[in-house]
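This report describes one protein structure for a reader who is new to the subject. Please keep the sequence and the three-dimensional view at hand while reading.

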Amino acid sequence: MADKDLYEILGVSKRASDDEIKKAYRKLAMQHHPDQNKGDENAEKKFKEISASYEILKDPQKRAAYDQYGHDAFRHGNMGGGFRGFEDFANNINFSDFNSIFEDFFGEGFGSSSQQRRAQRGSDLRYN
């Protein structure tokens, strides 16, 4: 993946507020989410790119590092804080993690039926 500008990926300016970044991410993530575009590899790639961009820009420390050093801040552990490279991060996204993020934003059932969700909840509890 080429070093695309993270702000450009989300369609926001470098001066965008946290709320503007979050709003842009939510809109694009809904549009390109794999559950909404089954079998579309381009949508999946775009979703990964959008998600990786948001993961960096939503964190004040990572955003400041990106603003100062660009993608170099995340290459080969340059930050010393455990930041992974953008490409590694984008390629290792677990979609089940994003379902829980979407459930936080939009309520239960995003990407799975609410019946499945209810069946899992508390299934490990036992009463005597």
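The structure holds six salt bridges, a salt bridge being a side-chain nitrogen of Lys or Arg within 4 Å of a carboxyl oxygen of Asp or Glu. The model is a predicted one, in which local features need pLDDT of at least 70 and side-chain atom pairs count only at pLDDT 80 or more, while totals for chains, interfaces and linings use all residues. Residues are numbered from 1 along each chain as its sequence is written, and side-chain values use heavy atoms, with hydrogens and water left out.

**The chain as a whole.** The secondary structure of the protein chain comes to seven helices and zero strands. Here helices (H or I, at least four residues) and strands (E, at least two) are DSSP runs, numbered from the N terminus. Of the 128 residues of the chain, 34% count as buried. Buried means under 20% relative accessible area, exposed means over 50%, and partly exposed lies in between (1.4 Å probe, protein chains only). The chain exposes about 8500 Å², of which carbon and sulfur atoms supply 42%; accessible areas come from the Shrake-Rupley method with a 1.4 Å probe, and for residues only the protein chains shown count as cover. Among contacts (heavy atoms within 4.5 Å) between residues at least 6 apart in sequence, 55% join residues at least 24 apart.

| Lys | Glu | Distance, N to O |
|---|---|---|
| Lys 48 | Glu 44 | 3.9 Å |
| Lys 46 | Glu 49 | 3.7 Å |
| Lys 58 | Glu 55 | 3.4 Å |

Salt bridges that share partners join Lys 4, Lys 46 and Glu 49 into one network. How far apart in helix 3 are Lys 48 and Glu 44? They are four residues apart, and therefore separated by about one helical turn. Lys 46 and Glu 49 are three residues apart in helix 3, which again means a separation of about one helical turn.

The partners can also be described by their accessibility. Lys 48 counts as buried, at 19% relative accessibility, whereas Glu 44, at 30%, counts as partly exposed. Lys 46 is partly exposed, with a relative accessible area of 26%, and Glu 49 is buried at 8%. In the remaining pair of the table, Glu 55 is buried, with a relative accessible area of 17%, while Lys 58 is partly exposed at 41%.

**Helix 4.** Which residues of helix 4 (residues 60-69) are buried? They are Arg 63, Ala 65 and Tyr 66. These residues lie on the same side of helix 4 because they cover an arc of only 160 degrees around the axis, the arc being that of the directions from the helix axis to the C-beta atoms. The face turned away from this buried side carries the exposed residues Pro 60, Gln 61 and Gln 68. What covers the buried residues of helix 4 includes helix 1 (6-10), helix 2 (18-32) and helix 3 (41-57).

The two ends of helix 4 also deserve attention. At its start, a side-chain oxygen of Asp 59 reaches to within 2.9 Å of the backbone nitrogen of Gln 61. After helix 4 comes Gly 70, whose phi is positive, near 70 degrees.

Technical notes. A polar contact is a pair of N or O atoms within 3.5 Å; within protein, one must be able to donate a hydrogen and the other to accept it, and residues adjacent in sequence count only if both atoms are side-chain atoms.
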